[in-house]
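Let's walk through the side-chain contacts here, charged ones and then rings, with a stop at a pocket along the way. Have the model open while you read.

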Amino acid sequence: MEKRKKRVFDAEFKAGAVKLVLEGGKSVSQVARDLGIVPSVLGSWVKRVRSEAGPKGVGALSSAEREELASLRKENRRLQMERDFLKKAAAFFAKESP
């Protein structure tokens, strides 16, 4: 069985496909079939555009906010590991002193 090559689409193609769905009145599956792409891919593009451009609901994050949240979570994990290491080191040296 041969693996499919991952297709890469430029921003202009994505914007045009999303525009067909949002402004053209066609369904995601119809536009995907017409363009020869997988409906789930087109659906994710449409979802991203709607979440960034639409009214902000409770819990809705923009892509920039999602990226910042991911980096903050990564930094938080690193700082927690450092804190735990320092706690263990302090306990170790407290045992050694007379």
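E82 is partly exposed, with a relative accessible area of 39%. Keep in mind that this is a predicted model. The partner of E82 is R78, and their side chains meet in a salt bridge with 2.7 Å from N to O. R78 counts as partly exposed too, at 42% relative accessibility. Both residues sit in helix 4 (residues 63-96), and they are 4 residues apart, about one turn of the helix.

How many salt bridges does the count come to? The count is 3 salt bridges.

| Salt bridge | N to O distance |
|---|---|
| E82 and R78 | 2.7 Å |
| R83 and D84 | 3.0 Å |
| D34 and K26 | 3.6 Å |

Take R83 and D84 next. R83 has a relative accessible area of 43%, so it falls in the partly exposed class, which runs between 20% and 50%. D84 is partly exposed as well, at 33%.

That leaves D34 and K26, whose closest N and O atoms are 3.6 Å apart. D34 is partly exposed with a relative accessible area of 46%, and K26 is partly exposed with 41%.

Now for the pocket. The largest pocket has a volume of about 220 Å³. Its lining is made up of R4, K5, K6, R7, F9, G36, I37, V38 and V41. Sorted by type, the lining residues of this pocket split into 4 nonpolar, 1 polar and 4 charged.

F9, one of those lining residues, also turns up among the rings. The count of aromatic pairs comes to 4. In one of them, the ring centres of F9 and F13 lie 5.0 Å apart with their planes at 15 degrees, so the pair is stacked. F13 is partly exposed, with a relative accessible area of 27%.

Is the F92 and F93 pair stacked or edge-to-face? Their centres are 5.3 Å apart and their planes stand at 75 degrees, so this pair is edge-to-face. F92 counts as partly exposed at 46% relative accessibility, whereas F93 counts as exposed at 54%.

One more item on the rings: F9, F13 and W45 form one aromatic cluster. That puts F9 both in the cluster and in the lining of the largest pocket.

Technical notes:
Residues numbered from 1 in each chain as written. Predicted model: local features only at pLDDT ≥ 70, side-chain atom pairs only at ≥ 80, totals over all residues. Heavy atoms only, no water. Salt bridge = Lys/Arg side-chain N within 4 Å of Asp/Glu carboxyl O. Buried < 20%, exposed > 50% of the residue type's maximum accessible area, 1.4 Å probe, protein only. Helix = DSSP H or I, 4+ residues; strand = E, 2+ residues; numbered from the N terminus. 1 Å grid on protein atoms, 1.4 Å probe; cavity = no way out; pocket = protein on both sides within 12 Å on 5 of 7 lines; lining within 4 Å. Points joined across faces, edges and corners; volume = space filled by probe spheres on them. Nonpolar A, V, L, I, M, F, W, Y, C, P; charged D, E, K, R; others polar. Phe/Tyr/Trp six-rings, centres within 6.5 Å; stacked < 30°, edge-to-face > 60°.
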